[in-house]
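Please read it alongside the sequence and the coordinates.

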Amino acid sequence: FPSHDKSRVSALSNLDAERSTIQPTFYYKRNATAANRQQTARNFAELLASRGLTISGENVSANIASNMAYQGNIGALNTAEANAFTDIERRRSGVNNAYESDKQALEANIAAQAIQNDIEEMRRQQEMQRQNEQMA
């Protein structure tokens with residue numbers, strides 16, 4: 001099974017490498033989302049200031065909408081991150097299941113070949129015994 005083991009180890013190693021990129025990627029995306037939110041809030045505050053407005057119903061409504069959008073974006077990123085981890089684990093299970101299935105099939109083939117060899121040996125011995133009986 002050595003080559004089969006190497007394939008499995010390689011596949012699992014690739015999954016581990018892919019898995020190690022998930023958390024940093026989504027950390028960056030969450031930070032980018034937060035920075036975008038802050039920039040949008042700053043731009044809106046500057047717009048209001050340029051119009052001579054400060055705290056008003058528009059401002060409060062805009063902040064609520066901005067916060068809701070931000071929470072929605074963060075929630076979507078968290079869901080995508082969880083899905084990415086779930087996908088890695090699903091694929092890891094697939095690799096392990098395929099390995100075990102192939103291993104069992106190979107072991108069954110080896111056992112079947114051993115039985116076939118035993119049958120052939122019994123036939124050979126029976127044939128030799130018949131030939132010996134005929135010569136005697």
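A contact means heavy atoms within 4.5 Å. Among contacts in the chain between residues at least 6 apart in sequence, 89% join residues at least 24 apart. The model is a predicted one, in which local features need pLDDT of at least 70 and side-chain atom pairs count only at pLDDT 80 or more, while totals for chains, interfaces and linings use all residues. Residues are numbered from 1 along each chain as its sequence is written, and side-chain values use heavy atoms, with hydrogens and water left out.

**Overall form**

- The chain's secondary structure consists of 2 helices and 0 strands; helices (H or I, at least four residues) and strands (E, at least two) are DSSP runs, numbered from the N terminus.
- The chain has a radius of gyration of 34 Å, well over the 14 Å that the globule rule gives for 136 residues, so it is more spread out than a compact globule. The radius is taken over C-alpha atoms, and the globule rule is 2.2 Å times the number of residues to the power 0.38.
- Along the principal axes, the C-alpha atoms fill a box of roughly 125 × 20 × 10 Å.
- Of the 136 residues in the chain, 12% are buried. Buried means under 20% relative accessible area, exposed over 50%, and partly exposed in between (1.4 Å probe, protein chains only).

- The largest nonpolar core has 8 residues: Leu12, Leu15, Ile22, Phe26, Tyr70, Ile74, Leu77 and Ile88. Helix 1 (2-50) and helix 2 (57-135) each supply at least two residues of this core.
- Such a core is a set of buried Ala, Val, Leu, Ile, Met, Phe, Trp, Tyr and Cys residues joined through side-chain atoms within 4.5 Å.
- Leaving aside residues up to four places away in sequence, Phe26 touches Leu77, Ala80, Glu81 and Ala84.
- Thr33, found in helix 1, is buried at 16% relative accessible area. Not counting residues up to four places away in sequence, Thr33 touches Tyr70, Asn73, Ile74 and Leu77.

**Surface**

- The accessible surface of the chain comes to about 10100 Å², of which 54% belongs to carbon and sulfur atoms. Areas come from the Shrake-Rupley method with a 1.4 Å probe; for residues, only the protein chains shown count as cover.
- Met68 lies in helix 2 and is exposed, with a relative accessible area of 58%.

**Salt bridges**

- Side chains of opposite charge can pair when their charged atoms come close.
- The whole structure holds 9 salt bridges, each defined as a side-chain nitrogen of Lys or Arg within 4 Å of a carboxyl oxygen of Asp or Glu.
- Glu89 pairs with Arg19, their closest N and O atoms being 3.3 Å apart.
- A network of salt bridges links Asp16, Arg19, Glu89 and Arg92.
- Glu81 forms a salt bridge with Arg30, with 2.9 Å between the closest N and O atoms. This pair links distant parts of the chain, Glu81 in helix 2 and Arg30 in helix 1, 51 residues apart. Both Glu81 and Arg30 are buried.
- Arg91 forms a salt bridge with Asp87, the closest N and O atoms being 2.8 Å apart. Arg91 and Asp87 are 4 residues apart in helix 2, so about one helical turn separates them.
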